[in-house]
Amino acid sequence: MAISFFKTEQGSIIATACSHTLTAADTEKLCWLYGQAVKLDGDSVGGLFVGPRREMITPWSTNAVEITQNMAIEGISRIEEYFPVASEDAEFDPMLQRMYRNGLNQDIFTVNIEPKPIEYITELEEYNEKEGLALSEEEIAYLHKVEGQLGRPLTDSEVFGFAQINSEHCRHKIFGGTFVIDGEEKESSLFQMIKKTTQENPNNILSAYKDNVAFSKGPVVELFSPADHSKPDYFRTKEVESVISLKAETHNFPTTVEPFNGASTGSGGEIRDRMGGGIGSMPIAGTAVYMTSYPRNNGNQGLIPERPWLYQTPEQILTKASNGASDFGNKFGQPLIAGSVLTFEHQETPKDAIYAYDKVIMLAGGVGYGTKRDCLKGEPKPGNKVVVMGGERIIA
């Protein structure tokens, strides 16, 4: 893989990784694509730059690479943009970017990380504290029971996977927990009550609570497409039964810590879930809802005195999160068409507790469409291989 460097009219550097040396024709296309950029000679660029971390391919890169494929430029695997800065004191987001103090070279995309061997966890309690998994005593007891059923210690990936079930913004275990109110156990969990509405009034719902998206029956529509999608063929019109996809999810803590990318990946998650619904469907439009404490963009105005914010101020959250949700949707062709904001703080008397959305509530939602034929997944069968991916560990 060779990396070529292009300098834009704005002064930034666009690094382009290709499996072969770029031809003159491809170079001309890329210069045009990058806004009349100039291809630089040499294998490196000197100076001080801020740009994406090598370990994280940006959504911008994914989009840019797909554009080059549509332009019949073959072999390009990654494109990233780097910005020159005057000093090492320049501000940047260390979670997503890094400072390139020695310029840009052929190793900016190289990640030298060897896969770790499978680790068997013999001391669950100690491992829980070491890795900060926040597993409760009841959860650890459950895992010990699973160890006995399997006849072996659990692996690091299995323990991490179980810990992720208690994801901060998707606590299905709690939703399915038993309600005990005033010492009396209730007959339904929160999740059972939510599902009951669909059970009693299914209407046109075809799929709910069995996928990461719900499907409702849509109209019969005319589809104008090639007779055979695997090769160039004549277009024809045919009628198909459509479905409407509906999805909503929260992305609270990520949006509180890093509003732009928290809300961005919140919108990205619901786009992903609707595209992966059944065996495939398409997104159309997105929505976003934000709930914060009072922004105070015009001072306190007689409200509860402002207090130190742990991460970002409400005003920063509302501005950056809105930009982030729109940005991700735009990159994947899904406009953000509607949303709402709710701000809340309350204190009865100066001596009482303050109630407020100190941790933002961010709701990402959207609507899409698909075909009735594709809205349900198949049933897993013995012998199927399962691949779990995510975080630092991959098991197959």
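This is a predicted model: local features need pLDDT of at least 70, side-chain atom pairs count only at pLDDT 80 or more; totals for chains, interfaces and linings use all residues.
Residues are numbered from 1 along each chain as its sequence is written, and side-chain values use heavy atoms, with hydrogens and water left out.

View 1. Helices (H or I, at least four residues) and strands (E, at least two) are DSSP runs, numbered from the N terminus. Ser-281 counts as buried because its relative accessibility is 7%; buried means under 20% relative accessible area, exposed over 50%, and partly exposed in between (1.4 Å probe, protein chains only). Not counting residues up to four places away in sequence, Ser-281 touches Phe-215, Arg-274, Met-275, Tyr-369 and Gly-370. Contact means heavy atoms within 4.5 Å.

**View 2. The open sheet of 6 strands.** The strand order is S11-S12-S13-S18-S14-S15, with mixed pairing. Strand S11 (205-207) and strand S15 (336-343) are the edge strands, each pairing on one side only. On average, and with direction ignored, neighbouring strands of this sheet are turned by 30° against each other. Two strands pair if DSSP finds at least two bridges between them. Axes are lines fitted to C-alpha atoms, for helices over the stretch in contact, and angles run from 0 to 180 degrees between N-to-C directions.

**View 3. Strand S18 and its antiparallel partners S14 and S13.** Strand S14 (residues 282-292) pairs with strand S18 (residues 361-371) over 9 bridges. Within S18, Met-362 stands opposite Tyr-290, and Gly-368 stands opposite Pro-283. Strand S13 (residues 235-250) is also joined to S18 by 9 bridges. Here Ile-244 stands opposite Tyr-369 in S18.

**View 4. Helix H10 across S14, S15 and S18.** H10 (residues 314-331) runs at about 180° to S14. The helix has 18 residues, and its first and last C-alpha are 26 Å apart, close to the 26 Å expected at 1.5 Å a residue; the expected span is 1.5 Å times one less than the number of residues. Buried residues of H10 include Ile-317, Leu-318, Ala-321, Gly-324, Ala-325 and Phe-328. An α-helix has 3.6 residues a turn, so residues three or four places apart point the same way. The cover over the buried residues of H10 includes helix H2 (59-70), helix H8 (252-257), helix H9 (259-275), S14, S15 and S18. Gly-333, with a positive phi near 75°, follows H10.

**View 5. The packing of H9 and H10.** The two helices pack at an angle of about 40°, and their axes are 7 Å apart. Their crossing is right-handed; a crossing is left-handed if the near helix is turned anticlockwise from the far one by less than a right angle, and right-handed if clockwise. On the H9 side, the contact residues include Phe-260, Ala-263, Ser-267 and Ile-271. On the H10 side, they include Ile-317, Ala-321, Gly-324 and Phe-328.

**View 6. Helix H3 against helix H4.** H3 (residues 124-131) and H4 (residues 137-150) pack at about 130°, with their axes 10 Å apart. H3 and H4 are therefore oblique to each other; angles under 35 degrees count as roughly parallel, over 145 as roughly antiparallel, 65 to 115 as roughly perpendicular and the rest as oblique. H3 passes H4 in a right-handed crossing. Leu-124, Glu-125 and Asn-128 of H3 make the contact with Ile-140, Leu-143, His-144 and Glu-147 of H4. Asn-128 counts as buried, at 6% relative accessibility. Leaving aside neighbours within four places in sequence, Asn-128 is in contact with Leu-133, Ala-134, Leu-135 and Ile-140.

View 7. Ala-72 is exposed, with a relative accessible area of 55%. Tyr-209 is partly exposed, at a relative accessible area of 39%.
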